Amino acid sequence: MRTLWQDVKYGLRILAKNPGFTAIAVTTLALGIGANTAIFSVLNQVLLRRLPVLNPERLVILKSPGPKRGHVWSDGDDSEIFSYPLYKGLAKNTAVFDGVIARYEFSASIASNGQTERGSGELVSGNYFETLGVRPALGRLLMPADDDVQGAHPVLVLSHGYWTQHFGGDSGVLNHTILVNNTVMTIVGVAQAGFTGIQVGQTPDIFVPITMKGQMTPIRNGLDDWNDSFLAVLARLKSGVSREQAQAAINVDYHPLLEQQMEHLGGSGDRVHGKDREEFLNKKVVLYPGAQGRTTVQRDSGPALKALFAMVGLVLLIACTNVANLLLAKGAARQREFAVRSALGATKGRMIRQLMVESFLCAVAGGGLGILLGAWLMNILTQAVVSEGGVQGITSQVDATVLGFAAAATAASAFVFGWIPAWRVARGGVSQILKDQGSTGSAGPGHVRFRKVLVAGQVAFTVLLLAGATLFAQTLWNLRKQNLGLSTENLITFSISPQLSGYDGLKTIALVDQLRQRLAGLPGVLGVGSSQIPVLTGTDMGSNITVEGRPNTDNDERHVNYDAVSPNYFSTMKIPLLSGREFNDADMATSPKVAVINEAMVKAFFPNRNPIGVHFAMGSGDVKPDIEIVGVVKDAKESHVRDNARPYFYRPYAQFGKLFGMTFYVRTNQDPLLIANDLRQIVRQQDANLPLYELKTMRRVVDEDLFAERVIAGLSSSFGALAAVLAALGIYGVLAYLVVQRTREIGIRLALGAPSAHVRALVFKEVGWMVLAGAAVGLPSAYGLARVSESLFFGVYAGDIAVYLVSFGVIVMIATIACYVPSRRATRIDPIVALRYE
Amino acid sequence: MVETNGTLIKMEGVKKVFYTDEVETHALEEIHLEIKRGQYISIAGPSGCGKSTLLSILGLLDSPTDGNYWLNGQPVAKLTISERTRIRNREIGFIFQAFNLIGDLTVYENVELPLTYRGTSAAERKQKVQQALERVGMAHRLRHYPSQLSGGQQQRVAVARALVGDPLILMADEPTGNLDSKNGEAVMELLRDLHRNGATICMVTHDQRYANFAERTIHLFDGRIVEETREAEVGA
C-alpha cells in the first residue's frame, strides 16, 4: 500500500512536470468522458431507469396485440390500450396478481391561488398507489374506495413536484379545494418525492380517481363503453409467480371478456363476422416487463439514443487512442528510466503498475473535469429535451448512477489508453538501452509501427463518425427542404381547451368565432384560421369513411385522418386551393355538411373522377353519405414533417358537435412574436379563466417537430468534428515524431540533393498509408452501421456513395492539414546539423 | 548449487551471439572467468570488443547464448526474466557511465529505489539510504534533484544507489566516462575505498589509468579474453 502511495506521489509529480502533456491528455479525456456522461444521463433516464416504486421488477405491462374495435385513444401502441370494462374484468384476477392498475393521462385546466393554468393529470384506478407501493409525502393517497362510484369522489393527490412548485410545499393544502377542468376537487394528499407516474416523459401534476373521468374529459366519459379503449394497464405479479404463469392465467379470464366486448359491438356499425370475429376472439394478453413503466418514449427515441451513445462511445475511444499515442511518445522518451528501474530490480508488473497509476491519475483528472463538462452539457441537453422535445421529467441531476457511469468510463479509459503503452515500456530490452549511454533513448521501428496502427484506428473511427454525421445532417437538410404544403412565414399559433373550462359544444363554437373575429382585427394581422388538431405536433384523428359510388373493401383503405377547421383556414395557412372553394362563415352547424379534401385523398378515392360534389360519410356499415366535397387543396403536412402525403379531409368546426380544443393560426405582416402579448390579452379579455397555451411561431413548431433530427444531426456533427480534431492531433503527433526520428536520414537525402517536394512526399506518404488503412476499415464499417440505422434517415440511404466520399474527403483534408507543419519542418532540416544529430 | 570456495562468479564457455537481419554477430566467445569475493576486477579492451556485453551478462541484464554462469554458487544462465530481476535487485549494484539517475526523483528517492522494489520497510529504507549517502558524501543533498547536481555528484549518488542494498558485487560500466578527470579520479578513489572495505567490484573501462585501480584486469578483444593481468604484474 505504501509503495502504491509512492507511485501516486511520483505519478502526480510526473503529470505536474509535464503540463503540456497533462493538459492535452486531461482535456481530451474530459471531452470524451463529459460527452459520454451527458448522453448516458439522458439514455439512463429514458431507457434504463426503473420506476421508483416497490419491487419494480414484479410489474408487468398488459398488451393485447391483434385487431381492435371501436375507438382507441392511443399514444403509439394500440395493443397496450384497454377499455374500462375490460380493465375491470382483468383486475378481478387476484390469483396471479397482487393488483392490476389502470391509468389515463389527460389535459387539466387547474385553477388555484387565483390563477388558471394548463397542467397534466392522470386518471388512475383506486389501487394505483397501493399496488405500486408508493407512499404519501403528505396526507393520504387514492384508495380503492375512491373509485367505487362514477363521479362520486372529487378528490385528488398532488404530485410532489407540483406541490412544491405551486404550493411551496405547504402542508396546509390538505382538504383545500381547487378547480380542475371546471370541477371542484379536494386535495387529499401529496405523492412521495421522486414519483412521477409510470411513463417516462410524462410528469402528471395531479392524480384523480378514474371514476371521475366524466368530469375530467367532459366531451367523452367512456367508462361504460366496452369499445372505448383509453387505459394503459399494468399489474404486479404475486411473489413466486412467473410472467409466463401469470400470462397463462390471465388469458383464461380474457377470452370471456372479449366475447362480452363483442356483444357490445352490436349497434355501432362495426359488426364483426366470420374470420374477423375469430381473429378478434383469439387475441391474447401478453405480459411484458414493467419495471421501467410504460415504454412509449423508449420505443420512439430508443434507436436515436442508442445511435448517439454508440457515436459518443467512439469519440471516447478516439480520445483514448490519442492519449495512448501521447503516452507511447512519452514512453519512448522514458525508456531509459524504466531500463534503469528494471536494472535496479523493478519487476515488469511493478513498472506496469507505476505507469498505470500515472494513467489512472490522468484519467481521474480527465474524468473529474469530464463530469463538470458533462453536467454543463446535460443541462443544455435536458433543457432542450424538456422544452422542445416535450419529454417531461428529464433532469440534469448528476446522480449516483451517472457518477458511477462516469467513474466506470474513467477507469475503462485509463485501462484502454494506459495498458498498451505501459506494457510496451515495461517490456523494453534493458541491456540494449543502457548500453546506449549517450542518447536519450529512441524507440524502435516496432514502436513507430504500433503508433501508426493506432492513428489508422483513429482514422477508421473518425470516418465512421463523419459518415454518421453526414447521414444525419443530410437527413435534417432533406427534412428542412421538405415542402410542408403551407407557409410558416410570419405565422404564430396558440391553443385553448374551452371544454376543460366548462364550455359545451355550442359555447365553444361561439367562443372560437368571437376570438377569430377579434384576432383578425389586430393591427398587422393578415389572416386568422383555426383547427381542432394542432398542425405538426404528432396529433391526429381518423375515421373510416364510406364514399358514395365506391364499394367498401379493406378497413385500412377506408381509414382517413381529418381535422375540423375554420373559415379562411387554407388561405391563412397558404395551403393552395386546387379546385372548388374553402370554408366560409356560411358553413354553419345547420348548413349542409361539407368537406375539403387533399390531393392524396383524390388519388386514393377518386382516381378517375372529379370529387367536387361527391358525398361521403364518416363510419362504415349502414351510414348515409351526407358530407359533400366542396373543395380540393394541395397536400400539406399535418402530423409530422417526416410524413408522406396521405389522404386527409377537413370539415368546418361549426359542424362538429364536440370540440376538444382549438388551435389558432395568425398570420402577420411582421415578426409575429410582436403580437404575442396582444393574443394573450384578447383571450384573457374573452375569458380570464381560459388558459392559453403553446403560444409559439410556426417556425418553432416545425423546429420542435424536427427536434430529434436536430439533436441527432447537431450532436453527431459535433462528435464528428471533435473526432476529426482528435484524429488531426493524432496524425500530427506521429508525423512530428517520425520527422524527428528520421532527421538524420532526411539530412542525408537533402545533402545528396533531394528537392523539398521529395522530402514533403516522404511525410505525406506516411500519412497516406495511415489514412488509407483507416478508411479501408472505417468506410465499410460505416456502411454496415448505416444499414442497421436506416430507419433514422430521411431522403438518404446507407448505400449513398456521396456520403462516404464526403467522409473520406474530410479525413483527407484533416490529414493534409495535420501533415503541413511536420512536412514543412522536414523540408527545413539543415543537412549539416542533421548529420551531427544523434 | 556448487561449492564456492570464495568464488562469487564463475563463467564457463559463455557465448553471446546477436542475430539481426540474418546477420550473426558473435559478441562473446568462450568466456571462462572466475571472480572471488572481495576482488576488484576491471574489464578492459578497445571499443566494440564485448566489454559491456560481458558486464550485462555478469549483471544479469542479459543472458548468454551458450555456456554456464554461476553467481554465488547458483546457476543463473538460464533463469527467467523475473528470477533475474529478483537477483539483480538483491545481489548486484550497478553504476553506469551516464549515471542513469531518474530525473523526476530526488537524490533520496533515487537511492531508495532498489529497497522499494525489494519491499524493505520505510524505516529501514530511511536508515540505509542515509548510510549509503553518507558513505559517498552526499547526505547533505537528500532533497535535490539530479539536475541540481554536478556530474561527479550524480555519479556519487549512483554509487550510493548501487551500495544501498548491500549487494554481493558492484558492476560499474565506464563509471568515469562522462566525468572530467578530477571527478573521475574522485569516483575511482571512492570505488577503491569501497573495495578496501570489502566490496567486490567488477568495472568496465577502456582507460588504462582507471583499469590500474583494479587488482586484476581482463583484456578483451573480439569477444575473447586475450590477456589477464594482476595487481602485482601491473605494479611490476
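Predicted model: local features only at pLDDT ≥ 70, side-chain atom pairs only at ≥ 80, totals over all residues.
Two strands are taken to pair where DSSP finds at least two bridges between them. Strand β16 (residues 559-565) of chain A runs parallel to β21(A) and is joined to it by 5 bridges, with Tyr562(A) standing opposite Phe649(A). Strand β18 (residues 594-598) of chain A runs antiparallel to β21(A), and 2 bridges link them. Here Val596(A) is the residue that stands opposite Tyr650(A).

Turning to chain B, the fold comprises 8 helices and 10 strands. The radius of gyration of chain B is 18 Å, close to the 18 Å that the globule rule gives for 236 residues, so the chain is as compact as a globular protein of that length. Along its principal axes, the C-alpha trace of chain B spans about 45 × 45 × 40 Å. Among contacts between residues at least 6 apart in sequence, 69% join residues at least 24 apart.

The strands of chain B include an open sheet of 4 strands in the order β2-β1-β4-β5, with antiparallel pairing. Its edge strands are β2 (23-36) and β5 (74-75) of chain B, each of which pairs on one side only. Within this sheet, strand β1 (residues 7-20) of chain B and strand β4 (residues 66-71) of chain B pair in the antiparallel sense over 5 bridges. Lys10(B) stands opposite Trp70(B), a residue in β4(B).

Another open sheet of chain B is formed by 6 strands in the order β6-β7-β8-β3-β9-β10, and its pairing is mixed. At the edges of this sheet are β6 (92-95) and β10 (224-230) of chain B, each pairing on one side only. From one strand to the next, the twist averages 20 degrees. Strand β3 (residues 40-44) of chain B runs parallel to strand β9 (residues 216-221) of chain B, and 4 bridges join them. In this pairing, Ala44(B) stands opposite His219(B) in β9(B).

Arg125(B), Lys128(B), Val129(B), Ala132(B) and Leu133(B) are the buried residues of α4(B). Seen down the helix axis, the buried residues of α4(B) fall within an arc of 130 degrees, so they line one face of the helix. These buried residues pack against α3 (107-118) and α5 (151-163) of chain B. On the other side of α4(B), the residues Ala123(B), Glu124(B), Gln127(B) and Glu134(B) are exposed. After the helix comes Gly137(B), whose phi is positive, near 70 degrees.

The two chains also meet one another. At their interface, 24 residues of chain A are in contact with 23 residues of chain B. On the chain A side, α1 (2-17), α10 (335-343) and α13 (430-435) each supply at least two residues of the side that touches chain B. Of the elements on that side, α1(A) gives the most, with 7 residues.

Thr3(A) is found in helix α1 of chain A. With 14 other C-beta atoms within 10 Å, Thr3(A) is partly exposed, as a residue counts as buried at 20 or more and as exposed at 12 or fewer. Thr3(A) and Arg350(A) are 347 residues apart in sequence, and their C-alpha atoms lie 9.8 Å apart in space.

Key
Residues numbered from 1 in each chain as written. Chains lettered and ligands numbered in written order. Arc of directions from axis to C-beta. Contact = placed C-beta atoms within 7 Å. Rg over C-alpha atoms; globule rule 2.2 N^0.38 Å. Axes fitted to C-alpha atoms, helices over the stretch in contact; angles between N-to-C directions.
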